[in-house]
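Please read the points below alongside the sequence and the model.

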Amino acid sequence: MRRTIALLAVLALLPLTWARSTPPPKLKRLELTFETLPLPSADRLTAQLGAFHLEQAWHLRSRTHRFGSFSALLMRPGGEMLALSDSGNFLRFRAPGESQAHSKLGRLPLSDGDAKEDRDVESATEDGSGTIWLGLEGKNAIFRLNPAFHVERRVQPESMRDWGVNTGPEAMTRLADGRFVLLREGFAGWSDHLHPAVTFAGDPTENPDGQRFVFDGPAGFSPTDMAQMPDGRLLILMRRLIWPMPQRFAGRIAIGDPATIRPGQPWRVSEVARLSSDLPIDNFEGLAIVPREDGRLTVWLISDDNYSPLQRTLLWKMSVDPRELP
């Protein structure tokens, strides 16, 4: 049964993969629109999201052809958001309701070619200086970019070499202590809840010797992004394809303490929210956290529409009190 579902999923994704092999033409001007989406009742939201409060949700649109397929989300200094796509593009924008005069859609200088594996950004993280690290699927590589988005270094760590062509480093974060954590999208063998993972003692482009461990998450779901909260714990965004055509998804948010990661051992996390079909959801792949002055956190999610007319680029704004999380 699992093989049948996996085959249907692959067949459903093939047209999208082929379509992305040739980049769409460039347009001179970026136009962004934010359509506010209706939300279920407060009781229903609480039943699904637990301690998380979904404040608003939007459908992002643009007539610019390169818009979409966002697989990672970062918060930049000054409140700017940076969404990165699996075709090597980036979108700089601000929260809905703010001026988008300086928003920009551009292309990252990752490769001179247009092959998908040369530009397939699936994860991203940054430090306080504006340096960005990208995880590329297909090549199972990590790129380091300076604040001007120029590539400084790149590496294909031995610890990630067997992570597959389309199941690679889907979630990555730089911890406050300088360590890096990466999670593989694909499962370990025939498991439905274990994923290969790796930690690096510092910048993996300079210290590529990683220590492997195993990420143990909710059954049937794959990690797509993660970010660290001020108290040190990680929020992990997860996704599952529940129907291949038209594609329908479910999601989870899990929490874990990276201090408990041990080389070669399972790192178990706890599920804290369910993103089900009665909520405005799609293929959520990006998560970012912003601390608030009152101690709560703003949690942003963005979805990957795979450049498909049957999917949407959604943006969620949630809030949570970290003291209410396990």
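The points below go from the basis of the model to the whole chain and then to single residues.

1. The model is a predicted one, in which local features need pLDDT of at least 70 and side-chain atom pairs count only at pLDDT 80 or more, while totals for chains, interfaces and linings use all residues. Residues are numbered from 1 along each chain as its sequence is written, and side-chain values use heavy atoms, with hydrogens and water left out.

2. Confidence is expressed as pLDDT, the predictor's confidence in each residue, from 0 to 100. The chain has a mean pLDDT of 90, and 90% of its residues reach 70 or more. Residues 1-25 have a pLDDT below 50, and this stretch has 28 contacts in the model beyond near neighbours in sequence; a contact means heavy atoms within 4.5 Å. Where pLDDT is low, the predicted coordinates should not be read in detail.

3. Two helices and 22 strands make up the secondary structure of the chain. These elements are DSSP runs numbered from the N terminus: helices (H or I) have at least four residues and strands (E) at least two.

4. Along the principal axes, the C-alpha atoms fill a box of roughly 50 × 45 × 45 Å.

5. Of the 326 residues, 54% count as buried. Buried means under 20% relative accessible area, exposed over 50%, and partly exposed in between (1.4 Å probe, protein chains only). Among contacts with a separation of 6 or more, 53% come from residues 24 or more positions apart.

6. Where is the cis peptide bond that joins Met245 and Pro246 placed in the chain? Pro246 lies in the loop between strand E16 (234-244) and strand E17 (247-256). The omega angle of the bond is about -5°.

7. Ser69 has a positive phi of about 60°, although it is not a glycine. This residue sits in the loop between strand E2 (53-61) and strand E3 (70-75), and Ser69 is buried at 0% relative accessible area.

8. Tyr307, also not a glycine, has a positive phi of about 55°. Its loop runs between strand E21 (297-303) and strand E22 (313-320). Tyr307 counts as partly exposed, at 24% relative accessibility.
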